[in-house]
Every structure is written in C-alpha cells, then in structure tokens.
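Keep the structure open as you read.

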There are 2 protein chains.
Amino acid sequence: MKRFSVFLEDKLGLTTSQVEDLLLSKQTKTINKGDFLLEQGQICSHSFFVEEGLLRMYALNNDGKEHVVQFSPENWIAGDRGSIYFNEPSNYFIDAIEETTVVFIDQPFLDQLALVSPDFRTKNEFLLHNHIRHQQKRIQLLLGATAEERYLDFIQLYPNLLLRVPQWMIASYLGITPESLSRIRKALADKNFAG
Amino acid sequence: MKRFSVFLEDKLGLTTSQVEDLLLSKQTKTINKGDFLLEQGQICSHSFFVEEGLLRMYALNNDGKEHVVQFSPENWIAGDRGSIYFNEPSNYFIDAIEETTVVFIDQPFLDQLALVSPDFRTKNEFLLHNHIRHQQKRIQLLLGATAEERYLDFIQLYPNLLLRVPQWMIASYLGITPESLSRIRKALADKNFAG
DNA sequence: CGTCGAATTGATGTCATTCAACTACAGTGG
DNA sequence: CCACTGTAGTTGAATGACATCAATTCGACG
C-alpha cells in the first residue's frame, strides 16, 4: 500500500505514524482485467483507491451502449458518490482495464481520518473542489468543442493513459464511435506531416 | 436575506441565533438583468448565494459561442471553484437573467460557519457530493443521449426554469443551436397530438 | 499458423448546424 | 398613437460532422 500511504500523507495531511496505525487493519484486493468492482443496480458502499493498475467507470445508455464517465489510474479514487452518499442503486459499472490492486475506503475509515488529522477535511474538500472543476471543464468541452478538440485535450490531460487504454474506450470517453476516432487520428497525422 | 437564513439553518445545520449573529455584518447586492458578477479573466473571489432571481454561468468556446454551464435560481450558489480555490483567472462569465439579489460568500465567512456549527462541514460536503453527482449525470447525458432526450431530462429536472429562461439559453445549456431546439419542440408537440 | 477482437477504411445515412428569410412582439422615440 | 428597431423564435434548404453498416487489415495470443 505504498501509494496509498503516500497519498494519505501528501494529499490528506497525515503523519507517517498515523498512517502506519491506520493501515494495520487494511488490506488490498487485486482483481483481474475485466473483473467488476461495481455493477449497475448494486449499492456502492465503498470507494476504491487505485494502488496499481487502471479502472474505468461507465454507464449504459438507452441503446445499451457503454459510455465511459472516468478512468482511474494509480493514485485516483473511483466510486459512485450518488450511490455511496445517497444510498441509491448505482447506474454505473466499474471494471478493471488492467490487473488492478485497490484499497477499499468506507465511511468509518474516513471518519477515522477526520478524527486523527486536523486538516484532513480541508484537504479532502480541496479534492472535491478539484473534481468538480474537472467535471465542469469536461462539460464545457462536450458542449462546445469538436470531437477533434476533445481528443487533443484528452491526450494533453492524460498522456499516460493513451498507451494503456484501448482506442475504442477513449472514443467512448469522448462521446464518439471508434470509427470516428480512427478517422480523427488519421486527419491529425496528415496535418502534422503537411505542417 | 430570508432564503439565505433558511438555507443556513436547514442545509448547513446552524441555529437561528447563530444565523442572526452571522448575518449582522452581511449585506445583499441586487444587480440588473444582464449585469455581470464575474467575467472571463477575473479571479473569482466569492461565491454568490441567490436570494432572489436567476443567474447563469457560461463559457465561450473557440468560435466565440456561449455555452451555459449552469443556471442558479433562488437558493442556489454560483461561483467558479476553479478560480476560487486554485486562484486562477476564471474561464467563465456569470450574469443575471433577471434582476437578481445575491449574498456574497467568501472564505472567511465559511471559516466562521465551520467554527460555530459542528456539522457544517459534514453538510457542506454533502452538498459537494451532490453537485458532483449532478455533473456526472449531465456528462452521461451529453455522452449518450440525443438532444431530445436531454431536453426532456431538462424540463423534468428544472420545470420552473422553463418559463424563466429564454429558449436560446436552454439550447446553449443542452449543447445545441436555438434552431435545433425549436425543431425538437415542434416534433415533441406533434408526437403528443398523435399519441 | 489460426483465431478473435481491435483498428482502419469506404459507402451511405442521419442528426444537428449553418445561413437565410420571415413572423411575432417588446421597447423606443417621434 | 403609430412607425422604427432589435431580439426571440420559427421555418426551409443546403451543408457538415459524426454514425452506421460492411469489408478488410492488423496484431496479440493460444
């Protein structure tokens, strides 16, 4: 749980010894590529800190097509807040794109963190604000940018994911078909040779 | 500041007397239809609680077209978190769709709230989670739903806004042109007569 | 080497945009 | 009170962006 420890110290303001205590009772779970941590209809009772690997959260639309809401590589937290905090069955699936090791985070654990660390809540709120800000940016792009612009933004924001996520999933994240993404990439390649 | 008082009591867990004390030093500001509370390039140093009226937050894309990120009617809070919490110049405009009365909320005020109310932070985090959940839903719709489906979702979610927001702004919120929305409305009207 | 899913490519279709004309209506000034 | 003006909304025709369907090609893996 190396990454999780560092995360607790750097992002949430805990001391090394606090982290050691807290993690005594914690275990990691490793799941295979393609396995699910959450399926539509279930109530999501945990968030998942990604220690190693890569998760994807997606929904199905009316036609049964997958739409990726977010990718969660190392050091990210996945989970459906709607389901966790409002106790509703989730609309989402969370599965592993690669073999992935996660740490389960439940409410009691968060309460513990708030108890031992004075500025845990401040830092946690910071993370929430950051999440909102990223979502807002994404909404803005979906409203006003072309598929090509959204793709360029994606490779700038997540250059490391480019190599790890299959292209058809990136298309799904961008809100287009795999065929369209293929053509966009071709057009970009042509432009770059011309320029 | 009636609505703001009720908000502080009901949503953020303060007592009536706490609210009275806190609001002694607070003033409202009323702005005209079309006036701005935030413009692109400025650093957003406050959030705005809407006591009366209706705000809209929007961004400009590469072509200079407006795209509405959110509407904020009574009891909502508007503001650009990216700018507030990360101290960056904002990408957004916030202006008034109607004459609007707002209460300015800055960080010192929030700190005060956290001091006097034990469960302010818990309730505030709840609001943040709720915001994230709504944004996620919107992303999902933009990825996988047709313009018609998004419009139906909009009128279900914000039936009261239908009468107050000009149609071209709703189109902007949905990510389509005013002409397209006009046609969608016509098609729906035809369907309902047929059915 | 053969198989299966991923990616590319081409032909065609659909939905929304663009541009333009026109109607309806509110606000302004004579 | 009426003409003048500007903005919102509607409608039509042409265009454009992305989707769909179908046919290959590519590449990983048993």
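The contact between the two chains takes 26 residues from chain B and 26 residues from chain A. This is a predicted model. The copies meet through the same surface, because 100% of the interface residues of chain B are also interface residues in chain A.

**Chain-to-chain contact**

- On chain B, three elements each supply at least two residues of the side that touches chain A: β5 (66-73), α3 (81-86) and α5 (120-144).
- The largest share of that side comes from α5(B), with 16 residues.
- By class, the side of chain B that touches chain A holds 10 nonpolar, 10 polar and 6 charged residues.

**DNA strand C**

- There are 15 residues around DNA strand C.
- The nearest of them are A:Gln167, A:Ser182, B:Ala147, B:Ile176 and B:Ser180.
- The surface near DNA strand C has 5 nonpolar, 5 polar and 5 charged residues.

**DNA strand D**

- DNA strand D is surrounded by 15 residues.
- The closest are A:Ala147, A:Ile176, A:Ser180, B:Gln167 and B:Ser182.
- Here α8 of chain A, together with α7 (167-174) and α8 of chain B, each supply at least two residues of the nearby surface.
- α8(B) provides the largest share of the surface near DNA strand D, 6 residues.
- By class, the residues of this surface divide into 5 nonpolar, 5 polar and 5 charged.

**A:Phe154**

- A:Phe154 sits in helix α6 (residues 147-157) of chain A.
- Is A:Phe154 buried or partly exposed? A:Phe154 has 19 other C-beta atoms within 10 Å. A buried residue needs 20 or more, so A:Phe154 counts as partly exposed.
- Leaving aside neighbours within four places in sequence, A:Phe154 is in contact with A:Ile170 and A:Leu174.
- A:Thr28 lies 126 residues from A:Phe154 along the chain, and their C-alpha atoms are separated by 30 Å.

Terms used. Residues numbered from 1 in each chain as written. Chains lettered and ligands numbered in written order. Predicted model: local features only at pLDDT ≥ 70, side-chain atom pairs only at ≥ 80, totals over all residues. Contact = placed C-beta atoms within 7 Å. Helix = DSSP H or I, 4+ residues; strand = E, 2+ residues; numbered from the N terminus. Nonpolar A, V, L, I, M, F, W, Y, C, P; charged D, E, K, R; others polar. Near = placed C-beta within 6 Å. Buried ≥ 20, exposed ≤ 12 C-beta atoms within 10 Å, placed from the backbone.
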